[in-house]
Amino acid sequence: MDFQERLKRAIERGEKTRVEQAQVEAREQLSLGELKTLHSGFRLELADHIESCLKQLADQMPGFEFQSIVSEEGWGGRLSRDDLELKPGQSASTRYSRLEMTISPFTPTAIVELLTKGTVRNREIMNRTNYQKVDEFNMDSFKEMIDHRVLEFAEQFSSSSQ
């Protein structure tokens, strides 16, 4: 490769770096109001995705009831189920299972936060928090995380003794 070609590529790399730096600076300059608006849009889409995933799980596993969550603590959904356990010579006991997923409200830290709590037959199996900065948010990776948590719960519930 001759000098002219290498010079042209060096200039292109420099221009690309300049554009990327300008984009980073623009993201950093987002106002709190803009961040809150972005968060609100993300929250709505994610809450819908959570609802869809949990309802599909409930369709596959009879006995689970879905409930939407809309509160000051977050938006999302909850699946729950109570099973009655009967053993000869012992009193009946209830074993509950629950999967709750919520997106936390906006805070000045400007993050999108997913809280996941899961219990299978009275045993906590997950209590996880995942987050991304609003100005660096990746919707696809967050939806994949939601899918992964629901699938993990389904597998844990299916494999536990009845």
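What percentage of the 162 residues in the protein do buried residues make up? The share is 35%, where buried means under 20% relative accessible area with a 1.4 Å probe, counting protein chains only. Keep in mind that this is a predicted model, where local features need pLDDT of at least 70, side-chain atom pairs count only at pLDDT 80 or more, and totals for chains, interfaces and linings use all residues. Residues are numbered from 1 along each chain as its sequence is written, and side-chain values use heavy atoms, leaving out hydrogens and water.

As for overall shape, the C-alpha trace spans about 90 × 40 × 20 Å along its principal axes.

Now look at helix H3, residues 139-159. Its buried residues include Met 139, Phe 142, Ile 146, Arg 149 and Phe 153. The buried residues of H3 pack against helix H2 and strands E2, E3, E4 and E5. At the N-terminal end, Asn 138 caps H3, with a side-chain oxygen 3.1 Å from the backbone nitrogen of Asp 140.

Over in strand E4 you'll find Thr 116. Thr 116 is buried, at a relative accessible area of 0%. Leaving aside residues up to four places away in sequence, Thr 116 touches several residues, among them Leu 99, Met 101, Met 126 and Arg 149; a contact here means heavy atoms within 4.5 Å.

Key. Helices (H or I, at least four residues) and strands (E, at least two) are DSSP runs, numbered from the N terminus. The expected span of a helix is 1.5 Å times one less than its number of residues. Buried means under 20% relative accessible area, exposed over 50%, partly exposed in between (1.4 Å probe, protein chains only). A polar contact is a pair of N or O atoms within 3.5 Å; within protein, one must be able to donate a hydrogen and the other to accept it, and residues adjacent in sequence count only if both atoms are side-chain atoms.
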